[in-house]
Amino acid sequence: MMRRLLLAAGFILSALPAFAVNPDEVLSDPALEARARALSSQLRCMVCQNQSIDDSNAELARDLRLLVRERLANGDSDGAVIDYVVSRYGEFVLLNPRLRGETLLLWGAPAVLFLAGATAMILFVRRRGGGPTGTPLSEAEKAELEKLTGERN
Amino acid sequence: MIIELGHYALVLALATVLVQSVLPLIGTIRNDRSLMAVAPAAALAGFMLVLFSFSVLTFAYIVSDFSVGNVWENSHSLKPMIYKISGVWGNHEGSMLLWLLILVFFSALVATFSANLPERLRANVLAVQGLISVAFALFILLTSNPFLRLSPAPAEGKDLNPVLQDIGLAIHPPLLYLGYVGFSVCFSFAIAALIEGRIDAAWARWVRPWALAAWSFLTAGIAMGSYWAYYELGWGGWWFWDPVENASFIPWLAGTALLHSALVMEKREALKIWTVLLAILTFSMSLLGTFLVRSGVLTSVHAFATDPTRGVFILAILVIFIGGALSLFAFRAATLKAGGLFAPISREGALVLNNLILTTAAATVLTGTLYPLLLEALTGEKISVGPPFFNLTFGLLMLPLLLAVPFGPLLAWKRGDILAAGQRLFAAAAIGLVLSAAVLYAKNGGPVLAYFGLAIGFYLIAGALTELWLRAGIGKVAANVAFRRFVGLPGSAFGTALAHIGVGVTVIGIIGVTAFQTEHVVEMKPGMQVEAGGFTLTFDGMRRGQGPNYTEESGHFMVARGGVAVTEVWSSKRLYTARRMPTTEAGIRTFGFSQLYVSLGDAMADGGIVVRVWWKPMILCIWIGALIMMAGGAVSLCDRRLRVGAPQKARKVKPVLEAAE
């Protein structure tokens, strides 16, 4: 968290005259603007540490926000805008990585881990017979027990 | 001179923790009681020395001794006293010293409260704590020494990063570290058990209080950090799935799983091997988090490559401790006997499901955090993994867990009846749906999923209360009997209920603010108005001010509802003079659990100023829920205190009941 604050401070410093979405960027059509906001929150500010262009106040993020709005105003679909931005900036710009060969492990990990865990659990329960449970006493404890019961007797 | 004493004390502390780690281990191998008895004394001495060393550094900050390089880089003579003190850990070197201080503090606590532990276990636990302390003391002295002097001494310091000049810095890192590092005790207990090759319910009984304490601190630390980012960063977000946040969230998830599996082990002697593994993994995640945050690897793989000293050192610590622990585990786990049997539908089964989901969630967050780093290191390709990924995967995993939470406490140990539990929870589910429908009626619209989420939140709260209700027998026995039973319920029952209620409250907060917040970005001139959350804000104008080490411009807003003035808000932008660095100080007004959040943007050429106004409904529930969870941990801890004395020798009755943790 602290680091994030530091970084955020760094970017405030590096880009003084800008502040996330400014009123002059907002599209007049509310439906289009809502789509622009939704898209912005999925695109990374390229010069920031893990910030979307929607949150960032960097100059570059502003350019990208304007670009997204321009494409939307020209009638592009959401997918087309994403494709266009990726073609210019690469996959790095997507905060929500697309499912590809390189990201197969990433997207597959939760399901694979969950299923592997569940399978291991079921196998473990099945395999276990009705053997004795609990911890056997150590030699010292046995001796102590004998001493105690011996005293009783 | 005093600085050198602090430096010297740190070197001496290194020697002491070295003794603490080596001699007791030899003692357990040779069965030499006098060598084993060195451990507690060395742990206490090590704590005193690091405490002295830390106090000296704090003193250097208080008196603004700029001949110390660390003070010069991070302090300023005009800085308010509270920030001079909290600035001690507002930088890499100081925060590592705080890390070490808390580590040896826990060692000292173990030494103090472990008189009734079997002496071999005690010696081994403290020895492992000592080993970890050696690694971090070496790390500080070799790569991150805060006591290095400058000559000639500069006249004035470079000041602390202004974003950190906040009460949040005074509270957040110490709490977080108390949690993070607190899990080291569980780790040490696990290693000691593996060395002994013997582990039983008593072990779980000793470990659980430490896990509870660490977990409670970590919960509070994460919540505090989240609130700090929320009010300080000025754009109203409260969780960013930032790698640094994830670094503290992964141990929290693993630690939550550990709490629950240790419960099974304590009550039923089952899940032993798993609990030991989880204890190791939880602290490993703390170490990994420290590596991620402290090595610079997150900023960029290249930044790490250009100055790898610190990173490689922590990486070595990571490999030695995690690798060593896991090897020991692989080698010895087979000697641990499996414990009690249970049917899949049972309290144990529910807790296993809890563990399965929580560890999968921890692994998912870990994968998402490390994936871009690994992919870039291996193939050179850069990708980003951000909030959309985490919200989707984490959300999907949490959904079944949240639905299952109220079932756990209602199922019997060994073999439970899920239909009966379902019937008992019928009322809770109904309450959830009715309350959610009531909100829908009042709000008159909104996303369907949000109401489903709210219903889950209410259901969690009602479900947790159901358990207390049933255990007290309210409605089944006479009122006074029920009352007596209720009061007589063990603290852990209240702890469980509180923690689960806290989860419900947090869920309500998250859903409320995500689904129903409103945002207005407008350019305002004096006299103009903006509506938010049923309030009307009127902008009055700007005023200049002067703080001890900054200048500020504040905007003043009158807040009215239905034409009647309710309150006023100041929202500011500051410029810290030493670093020429601006910050935003958002204006926040609280109404019940909701907040009005006003943040200033840039001044426009025509005299107006950009203002962002948010209405954040139910947002306080997010952090209040976390505090309730923490309170649950504390209540549960108090309960342990009374019952943990079981292994105490009966003949030696002590005048004061010592906490056995």
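Predicted model: local features only at pLDDT ≥ 70, side-chain atom pairs only at ≥ 80, totals over all residues.
Chain A contains 6 helices and 0 strands. From the N terminus on, its elements follow the order α-α-α-α-α-α. Of the 153 residues in chain A, 30% are buried. Among the contacts in this chain with a separation of 6 or more, 56% are between residues 24 or more positions apart.

The largest nonpolar core consists of 195 residues, and the members that touch the most others are Leu100(B), Cys186(B) and Phe189(B). Helix H9 of chain B, residues 201-233, supplies the largest share of this core, with 21 residues. When residues up to four places away in sequence are left out, Phe189(B) touches Val125(B), Trp203(B), Trp206(B), Val207(B) and Ala279(B). In soluble globular proteins, nonpolar side chains tend to be buried together.

Helix H15 of chain B covers residues 387-404. Its 18 residues reach 25 Å from the first C-alpha to the last, which is close to the 26 Å expected at 1.5 Å a residue. The helix has a kink of about 25 degrees at Met398(B), shortly before the proline Pro400(B). Buried positions in H15(B) are Pro387(B), Phe389(B), Phe390(B), Thr393(B), Leu397(B) and Leu402(B). An α-helix has 3.6 residues a turn, so residues three or four places apart point the same way.

Strand E9 of chain B, residues 609-616, is mostly covered, and 8 of its 8 residues are buried. On one side of E9(B) the buried residues are Ile609(B), Val611(B), Val613(B) and Trp615(B), and on the other they are Val610(B), Arg612(B), Trp614(B) and Lys616(B). Strand E1 of chain B, residues 518-524, runs antiparallel to E9(B) and is joined to it by 7 bridges. One bridge pairs His520(B) with Val613(B) in E9(B). Strand E8 of chain B, residues 594-603, also pairs with E9(B), in the antiparallel sense and over 7 bridges. Here Leu600(B) stands opposite Val611(B). E8(B) and E9(B) form a hairpin with 5 residues between the strands, in which Gly607(B) has a positive phi near 95 degrees.

Thr518(B) belongs to strand E1 of chain B. It counts as partly exposed because it has 13 C-beta neighbours inside 10 Å, whereas a buried residue needs 20 or more. Leaving out residues up to four places away in sequence, Thr518(B) touches Ala532(B), Gly533(B), Trp614(B) and Trp615(B). Glu531(B) is 13 residues from Thr518(B) along the chain, and the C-alpha atoms of the two are separated by 10.0 Å.

Some backbone features occur in loops of chain B. Most residues other than glycine have a negative phi, and most peptide bonds are trans. Ser151(B) and Pro152(B) are joined by a cis peptide bond, with omega about 0 degrees. Pro152(B) lies in the loop between helix H7 (119-143) and helix H8 (167-196). Trp241(B), a residue other than glycine, has a positive phi near 50 degrees and lies in the loop between H9 and helix H10 (243-268). Trp241(B) counts as buried because it has 20 C-beta neighbours inside 10 Å. Lys414(B) also has a positive phi, near 70 degrees, and is placed in the loop between helix H16 (407-410) and helix H17 (418-424). Lys414(B) is partly exposed, with 15 other C-beta atoms within 10 Å.

Methods: Residues numbered from 1 in each chain as written. Chains lettered and ligands numbered in written order. Core = buried A, V, L, I, M, F, W, Y, C linked by C-beta atoms within 7 Å. Buried ≥ 20, exposed ≤ 12 C-beta atoms within 10 Å, placed from the backbone. Helix = DSSP H or I, 4+ residues; strand = E, 2+ residues; numbered from the N terminus. Contact = placed C-beta atoms within 7 Å. Expected span 1.5 Å × (residues − 1). Bend = angle between axes of the 7 residues up to and from the residue. Pairing = 2+ DSSP bridges.
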